[in-house]
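Student: Could we go through this structure by question and answer, beginning with the charges and rings?

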Amino acid sequence: MPSPLRRTALFDRHVDAGAKLVEFAGWEMPVQYEGVRQEHMAVREGCGVFDVSHMGEIETSGPQALDLLQRLLSNDVAALALGGAQYSVLCREDGGVLDDLFTYRLDGGRYLTVTNAANHSRDLEWFRRHAGDFDAHVTDRIEDLAMLAVQGPRARAIVQGLAAEELPVRMTAAPGVLTTAAGPAPALVCGTGYTGEDGVELLLSPADAPAVWDALLAGGAVPAGLAARDTLRLEACFHLYGHELSVDRTPIEGGLAWCCREDTNFIGADAVRAVRAAGPRERLVAFAVDGPGIARQGNPVVGGGEVTGGTLSPCLAVGIGMAYVPADRAAVGTPLEIDVRGRVRPAVVHAKPFVVKHN
């Protein structure tokens, strides 16, 4: 018998809102409520709230917590100030990407790293395997934390209406307390997101998540599902593991050289350094379809490469996406042809991102 799907603390709220629920990485998650376009535009023009409690969290602590993370993560964790947030990738020795992650530096010498849902168990095992070489503790926090992403031009104002403390600025995090009808709800408030708009992500007890969800909706936030999260991240040209990132490529091909600090000697640094020095054979580009049609993941690019993800842009009303192409065809303005189920569609390499945040 297959294992039952896991449910977040907000499952009943999703059912009550009429969400269409789907399996995602072992979880039963809302893919949409009113409709993908409506939810997408709510985030671009107002405020949307996503239940992203399926994401995993790993806490690293102890005297050598920093040393362990410096070995594991591609970015320079030592540069992370107290209350700071940092993006990085987790690599194998050959430079292949195991996951992309956000890490927050907390008080008491602790760090909290957010993993992708499908990779959490593998990431946790990787952290624990390498922790044996350090005086550091690795703790799985996935059962302890729910996560809400509140995004859009009005997002910060809506959350600020519930918070006594001033919200942290972008790429920082701070503890706070949110006021709800059920009482105060402590949360780690993070100035991060995955939509290209401003906003915050809230890490809090699953027991408090329903009341905070209700308070956000009462303040004007619109429930948004995983489908709108995907269209938003594609307009913003953000990576999604299993699409733009995988163990088959290093972060250099994916355009993530900026988050790799090889001098820290992270696992895979030598392989990443070699690709950076030689130049990648392929590069990840954004593209817009010239005319009708939508390219999807796996569609081949004529002459080499393939699409990693695509959609009809709700803001631009054209087919957009990202693809790996030969490095000599990666310049903005380069014409492409994409084989969409046997029909060749013209496209052009587009500047990133497609949509600049509205606020």
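Student: Over the face of which residue does arginine 7 lie?
Tutor: The model is a predicted one. A charge counts as sitting over a ring when CZ of Arg is within 6 Å of the ring centre and within 35 degrees of the ring normal. Arginine 7 is placed at 3.9 Å from the ring centre, over the face of phenylalanine 11.

Student: And over which ring does the charged end of arginine 249 sit?
Tutor: The cut-off for the distance is again 6 Å. For arginine 249 the distance to the ring centre is 3.7 Å, and the ring is that of tyrosine 324.

Student: Is the pair of tyrosine 87 and phenylalanine 102 stacked or edge-to-face?
Tutor: The count of aromatic pairs comes to 4. For tyrosine 87 and phenylalanine 102, the ring centres are 5.6 Å apart and the planes are at 65 degrees. Planes over 60 degrees apart count as edge-to-face. The pair of tyrosine 87 and phenylalanine 102 is therefore edge-to-face.

Student: Which strands hold these two residues?
Tutor: The two residues are 15 residues apart, and the pair links distant parts of the chain. Tyrosine 87 belongs to strand β5 and phenylalanine 102 to strand β6.

Student: How are the rings of tyrosine 87 and tryptophan 258 arranged, and how far apart in sequence are the parts they tie together?
Tutor: Their centres lie 5.5 Å apart with the planes at 20 degrees, so this pair is stacked. Tyrosine 87 is in strand β5, whereas tryptophan 258 is in the loop between α7 and α8. The parts tied together are separated in sequence by 171 residues.

Student: Is tryptophan 258 buried or partly exposed?
Tutor: Tyrosine 87 has a relative accessible area of 13% and is buried. Buried requires under 20%, and exposed over 50%. At 49%, tryptophan 258 is partly exposed.

Student: Which residues do ring pairs link into a cluster?
Tutor: Tyrosine 87 pairs with phenylalanine 102 and with tryptophan 258. The cluster consists of Tyr87, Phe102, Trp258 and Tyr104.

Student: Why is helix α7 described as largely enclosed?
Tutor: Among its buried residues are Leu226, Arg229 and Glu235. They pack against β1, β2, α2, β3, β15 and β16. Helix α7 is largely enclosed by the rest of the structure because the buried residues number 10 of the 11.

Student: Which residue follows α7?
Tutor: Its phi is positive, near 60 degrees. The residue is cysteine 237.

Student: Which element gives the most residues to the largest nonpolar core?
Tutor: The largest nonpolar core has 27 residues, and Val159, Leu202 and Leu216 are among those that touch the most other members. β9, α5, β11, β12 and α6 each supply at least two residues. The top contribution is 5 residues, from α6.

Student: Which strands stand at the edges of the open sheet of 6 strands?
Tutor: The strand order is β10-β11-β12-β9-β3-β13, with mixed pairing. Each edge strand has a single partner, so one side of it has no neighbour in the sheet; the edge strands are β10 and β13.

Student: What is the bridge partner of aspartate 51 in β9?
Tutor: β3 and β9 run antiparallel and are joined by 4 bridges. In β9, the partner of aspartate 51 is leucine 148.

Student: At what angle to β9 does α6 run?
Tutor: α6 lies across β3, β9, β10, β11, β12 and β13. Its angle to β9 is about 10 degrees.

How values were computed: Residues numbered from 1 in each chain as written. Predicted model: local features only at pLDDT ≥ 70, side-chain atom pairs only at ≥ 80, totals over all residues. Heavy atoms only, no water. Buried < 20%, exposed > 50% of the residue type's maximum accessible area, 1.4 Å probe, protein only. Contact = heavy atoms within 4.5 Å. Core = buried A, V, L, I, M, F, W, Y, C linked by side-chain atoms within 4.5 Å. Pairing = 2+ DSSP bridges. Axes fitted to C-alpha atoms, helices over the stretch in contact; angles between N-to-C directions. Phe/Tyr/Trp six-rings, centres within 6.5 Å; stacked < 30°, edge-to-face > 60°.
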